[in-house]
Amino acid sequence: MKINRDRFLKWIISGAIGFGILVLFNPDLSQAEEISQLTASRLRCEYRFDPLGIDETRPRLDWMLSSPVRGERQSGYRILVATSRKNLDRSQGDLWDSGKVSGDDTAQIVYPGKPLASGQECFWKVMVWDAKARASEWSEPAKWSMGLLAKEDWKADWIGSDSFWHKLSREAYFLLTPFQFLYQPFGKIYLPCPYLRKSFSVSKPVKRATIYATSLGIYELYLNGERVGEDFFTPGWTDYRIRVYYQSYDVTEMIRSGENALGAILSDGWYAGNIASKGQRVYGSRLRLKAQLQLEYADGSTEIVATDQSWSATDGAIREADIQAGESYDARLEMPGWSEPGFDDRAWKPVDLGAEVSPLIQSYPGIPVRRTGEVKPVSISEPKPGVYVFHLGQNFAGRARLKVRGKRGDKVTLRFAEMLNPDGTIYTTNLRSARATDTYILKGGATELWEPSFTYHGFQYVEVAGYPGKPELDAITGIVLHSGLAITGSFETSNPLVNKIYSNLLWGQRSNYFEVPTDCPQRDERAGWMGDAQIFIRTASYNMDIAPFFTKWMIDVDDAQLPDGAFQNTSPTAYAGKAAGWADAGVICPWTIYRVYGDTRIIEKHYPAMAKYLEFMKARSPEDLSPALGAYGDWLNINDPTPQDFITTAYYGLDAELMSEMAQAIGKPEDASQYLEMSGKIKEAFSGSFVSSEGGVKGDSQTGYLMALGFGLLPADLRAKAGENLLRRIQESDWCISSGFLGAKYIMPVLTELGRLDIAYRLLLNTRYPSWGYSINQGATTIWERWNSYTKENGFNDPGMNSFNHYAFGSVGEWLFSSLAGIDTDGPGFKNIVIHPHPGGDLTWAKASYDSIRGPITVFWKLEQDEFKLEVSIPANTSATVYIPAPGPDSVAESNVPAKSSSGVKFLRMEQESSVWEIGSGKYSFAARQ
Ligand code: BGC
């Protein structure tokens with residue numbers, strides 16, 4: 001065949017033109033080489049990964065960006081939300097297609113799509129555009145599902161087991177509750193846990209199976225013999241007279257074709273068990289379960305298996321279970337297969353229906369308690385013959401798993417303690433009335449493993465009595481339990497004492513972020529103490545992702561608000577009352593969540609309650625000065641009290657200022673200016689009444705100066721003078737802290753701001769009493785309640801109130817991250833970051849990381865000969881102001897080139913002894929000659 005050259009050329013040329021047109025007008029192809037290196041990952045809904053059964057109908061979405069390119073920004077995003085994975089894969093956002101939205105928002109993005117129905121699944125993904133307007137690939141898909149949105153969706157009844165003995169004893173006990181003081185000395189009454197079950201059959205292929213469950217008391221759910229979910233202490237602690245939460249679990253994989261069985265165990269928990277030092281049955285006495293399994297078959301039909309009168313009940317191996325008292329288990333009474341199909345339950349009794357309370361039933365908005373680790377004993381001692389004490393080497397909250405082999409009927413008793421007596425026996429006096437004792441009766445034969453289900457203790461020693469033979473080290477394993485929040489921080493320096501302070505405060509949080517922010521995990525208290533919570537919250541926010549925890553707890557705080565507008569000292573209410581520094585958590589905590597996560601919804605949701613509190617304060621504060629609210633004062637100060645009216649007015653002024661900022665953030669400028677005016681007046685009255693022209697404060701306490709300075713209550717001319725007075729007071733205290741826990745939070749930041757880093761480090765590294773280091777020298781592995789909970793000279797402090805696991809004095813953690821390492825936010829939500837390390841003391845290096853809502857921030861500084869070196873990285877789509885100690889900008893290099901000419905780095909100014917730079921996202925290495 002003869003080839004026509006001209007025709008061939010024409011063909012080639014037209015082909016090329018055609019391809020060009022195709023590339024030009026097909027966005028996918030035209031971008032083929034122009035795909036952005038910006039990627040979106042860590043997609044979350046309502047701060048959680050793929051949450052199930054939420055009832056927020058306008059949920060908020062967020063993602064994290066990463067890019068190898070410095071100074072990268074997101075210029076836009078597009079979100080698709082689809083009813084099925086198939087539709088999402090085809091990029092059909094049939095619930096919501098946001099279209100391309102310009103801007104750099106990556107968090108708190110409210111879903112405004114089609115109304116969502118109960119049980120609906122929502123699949124979503126996001127595409128982002130970089131600073132050069134190049135689009136990324138679609139992210140990996142994520143999902144959420146809706147819970148039961150309407151009351152009518154609940155088909156389940158409240159069921160429980162009020163057998164004759166249950167009824168008699170529970171009712172008698174309930175009636176006798178007001179007279180507890182008479183019989184408590186003779187012991188409390190604990191009843192066996194009810195076991196509930198029902199079998200049902202499945203005859204068609206199942207597409208999806210979801211269980212929604214809640215209880216009055218704590219529940220554990222089983223399906224075909226397997227535990228459902230990995231949560232503990234569900235449904236959590238609320239004021240059950242007002243609301244109770246339900247959890248949702250996808251159990252599709254657990255359903256069998258043919259016969260299936262559901263089982264549940266109930267225990268007293270917070271509903272009917274010991275709470276604080278209130279005794280038992282504070283909310284009610286009849287334990288109840290409400291659960292429904294929704295089956296969606298492949299053929300499109302649906303079926304519900306719900307708690308109703310067709311279930312049956314009995315008692316089982318768990319003879320007693322109480323959060324504070326402990327658990328008793330008789331393995332001889334186990335019923336193998338009790339939650340499996342085919343189990344013979346003819347001897348079981350019918351269930352009782354109905355509940356004593358009628359709370360709102362809502363989806364759990366937080367993250368439940370989970371197992372987060374194991375602690376292995378380091379040694380065993382035998383202070384008395386046959387009584388063994390396991391030393392775990394770390395104080396924590398959780399329980400012990402027992403490994404034992406022996407005869408049927410052998411009884412092993414476990415008791416828990418934080419400290420030892422001088423004779424090596426366990427010290428339990430500080431547990432007050434918390435019995436903290438678990439017992440296990442062996443069934444005999446093979447090795448038996450047992451871990452209780454419905455109790456937890458605060459401990460580092462486990463006393464084991466009645467053990468058959470001599471136990472090996474692996475007879476006990478510590479199980480760490482706390483609200484399963486993601487760890488977001490890491491921190492390490494060249495100084496072991498500072499590292500230990502950090503470790504101790506982190507363990508304090510692990511032990512006390514337990515469903516609510518508790519004060520302690522061991523004694524008969526464990527309440528949501530508001531003062532402790534607000535003092536520690538900012539530290540906590542570095543350590544863990546606390547947004548879901550406070551989303552949940554702030555509802556408890558509102559539920560506990562008194563009719564007069566005052567927030568209470570504990571939420572849920574455990575000890576009635578209101579005090580300055582405690583009640584104020586109602587304002588300080590939402591503000592902190594806003595600052596750290598840019599969360600405006602928490603403000604919107606709690607704004608009415610906060611405004612009511614400010615009204616309450618205003619009404620009781622003539623002349624803008626507040627008389628004492630409550631009587632706790634600067635709790636646990638060392639002979640250095642601060643007047644109550646001073647503290648109350650200081651917090652009132654702080655609250656008004658925070659309210660102004662929050663009002664502005666949610667688009668209420670008028671309120672914002674009113675609150676600003678209010679705080680201005682309070683500050684004026686405060687200075688006028690409590691501060692002398694020489695900057696001396698009423699009471700002349702360390703905390704007085706710390707509050708005046710730390711809350712920003714003083715005019716500029718008095719600040720310096722008050723600062724001098726503070727230094728005088730520290731010197732008078734022999735260079736020690738004498739503040740209680742309201743003041744201690746501010747000592748390091750205030751000294752840093754005053755430019756007295758030398759004194760700040762002197763206090764931080766101090767090991768004399770009172771100091772953080774003192775407890776560490778006495779062997780502390782957690783933060784203690786008191787500066788002198790134990791001293792070598794005087795032994796234990798008053799056991800009436802002496803916990804070895806209280807996080808309040810751990811509030812120094814905020815300064816460790818924000819100032820020592822130097823990671824902080826500039827404005828809400830870590831969009832603009834401040835990197836401002838403060839080397840001092842004998843520290844030669846420090847490294848820290850914080851996984852912010854916008855992604856990970858890392859800092860590593862070190863002092864090398866005459867150089868200060870800083871490695872820093874900040875996530876894509878953020879910028880940072882970086883402070884580098886240097887005599888001038890010319891002595892600073894970034895990755896070996898003069899910093900001024902390094903890409904992505906801009907010199908801003910000199911400030912005191914630091915050169916101040918602006919960086920865009922990415923990794924940077926600075927070196928500064930001193
Ligand atoms: C708690 C504290 C709490 C205080 C109120 C104590 O029993 O453990 O941490 O804030 O009472 O003053």
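How much space lies in the largest pocket? The largest pocket holds about 1,800 Å³ of space. The model described here is predicted.

## The largest pocket

The lining of the largest pocket is made of 49 residues. Closest to the centre of this pocket are Pro749, Thr752, Glu753, Ser819 and Asp824. Helix α16, which covers residues 741-753, gives the most to the lining, with six residues.

Sorted by class, the lining of the largest pocket has 21 nonpolar residues, 15 polar ones and 13 charged ones.

## The second largest pocket

The second largest pocket has a volume of about 670 Å³. Its lining consists of 32 residues. Nearest the centre of the second largest pocket lie Arg48, Phe49, Ile367, Pro368 and Arg370.

Three strands, β1 (39-45), β14 (243-250) and β41 (845-852), are the elements that give two or more residues to this lining. The largest share comes from β14, with five residues. By class, the lining of the second largest pocket divides into 14 nonpolar, eight polar and ten charged residues.

## The ligand and its shell

Which residues surround the ligand? The shell is formed by Asp519, Arg523, Glu525, Trp529, Asp532, Trp582, Tyr632, Trp635, Phe741, Glu785, Met801 and His806. Of the residues in this shell, six are nonpolar, one is polar and five are charged.

For Asp519, an N or O atom of the side chain is 2.6 Å from a ligand oxygen. For Arg523, a polar side-chain atom lies 2.7 Å from an oxygen atom of the ligand. For Asp532, the distance from a polar side-chain atom to a ligand oxygen is 2.4 Å. On its own, the ligand has 310 Å² of accessible area, and the protein covers 95% of that area.

## Aromatic pairs

A search of the whole structure for aromatic pairs finds 62 of them. One of these is formed by Phe233 and Tyr456, whose ring centres are 5.7 Å apart. The planes of the Phe233 and Tyr456 rings stand at 90 degrees, so this pair is edge-to-face.

What does the pair tie together? Phe233 lies in the loop between β13 (226-227) and β14, and Tyr456 lies in the loop between β31 (448-450) and β32 (457-465). The pair therefore ties together parts that are 223 residues apart in sequence.

## Backbone details in the loops

The loop between β13 and β14, where Phe233 is found, also holds Pro235. The peptide bond that joins Thr234 to Pro235 is cis, with omega about 10 degrees.

Another cis peptide bond runs from Tyr769 to Pro770, and its omega is near -10 degrees. Pro770 is located in the loop between helices α17 (757-764) and α18 (772-777).

Where is Asn877 found? Asn877 sits in the loop between β43 (867-874) and β44 (879-885). The phi angle of Asn877 is near 75 degrees, which is a positive value in a residue other than glycine.

Note on methods: Residues numbered from 1 in each chain as written. Predicted model: local features only at pLDDT ≥ 70, side-chain atom pairs only at ≥ 80, totals over all residues. Heavy atoms only, no water. 1 Å grid on protein atoms, 1.4 Å probe; cavity = no way out; pocket = protein on both sides within 12 Å on 5 of 7 lines; lining within 4 Å. Points joined across faces, edges and corners; volume = space filled by probe spheres on them. Helix = DSSP H or I, 4+ residues; strand = E, 2+ residues; numbered from the N terminus. Nonpolar A, V, L, I, M, F, W, Y, C, P; charged D, E, K, R; others polar. Near = heavy atom within 4 Å. Polar contact = N/O pair within 3.5 Å; in protein donor to acceptor, adjacent residues only side chain to side chain. Areas by Shrake-Rupley, 256 points an atom, 1.4 Å probe, with all protein chains shown as cover. Phe/Tyr/Trp six-rings, centres within 6.5 Å; stacked < 30°, edge-to-face > 60°.
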